[in-house]
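Visitor: I would like to learn how to read a strand and the sheet around it. Could we go through one case together?

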Amino acid sequence: QVQLVESGGGLVQPGGSLTLSCKASGFTFSNRYISWHRQAPGKERERVAGITRTTGINTSLDTVEGRFTISRDNSQNAAYLQMNDLRDDDTAVYYCNEGEYWGQGTQVTVSS
């Protein structure tokens, strides 16, 4: 069955960096559009960035432009979200998405 497993979250100080990973299985990863979303406490889930099968990238949030980079490695069935210069308001659960499928999420907490 389709599985998306995120990892790499944690507690980081403002200005720090994290790289999230999404490991996929159960479908032909290289053919699919993959996106990262996040949901902060008390807020709706929002799309952060997406990447096409040919590594065309679109970033959905102005607030992460220039700080977050999405990438993929089709040979590893994996997608990544490199997050730099993290801010308090980046605190959220981050989810990997492919169509109707979602991972379980990984918590990112930015705090001093």
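Predicted model: local features only at pLDDT ≥ 70, side-chain atom pairs only at ≥ 80, totals over all residues.

Visitor: To which strands is β3 joined by bridges?

Guide: Strand β1, residues 3-7, runs antiparallel to β3 and is joined to it by 5 bridges, and β3 also pairs with strand β8, residues 78-83, in the antiparallel sense over 6 bridges. Cysteine 22 lets you follow both pairings, for its bridge partner is glutamate 6 on the β1 side, and it stands opposite alanine 79 in β8.

Visitor: In what order do the strands form the open sheet?

Guide: The order of the 4 strands is β1-β3-β8-β7, with antiparallel pairing. The edge strands are β1 and β7 (68-73), each of which pairs on one side only. On average, neighbouring strands of this sheet are turned by 15° against each other, direction ignored.

Visitor: Turning to another strand, why does serine 35 count as buried?

Guide: Serine 35, which is found in strand β4, residues 34-39, counts as buried because its relative accessibility is 2%, and the cut-off for buried is under 20%. The side chain of serine 35 is joined to that of histidine 37 by a polar contact of 2.8 Å. Beyond its neighbours within four places in sequence, serine 35 is in contact with residues including Arg47, Tyr95 and Asn97.

Key: Residues numbered from 1 in each chain as written. Heavy atoms only, no water. Helix = DSSP H or I, 4+ residues; strand = E, 2+ residues; numbered from the N terminus. Buried < 20%, exposed > 50% of the residue type's maximum accessible area, 1.4 Å probe, protein only. Polar contact = N/O pair within 3.5 Å; in protein donor to acceptor, adjacent residues only side chain to side chain. Contact = heavy atoms within 4.5 Å. Pairing = 2+ DSSP bridges. Axes fitted to C-alpha atoms, helices over the stretch in contact; angles between N-to-C directions.
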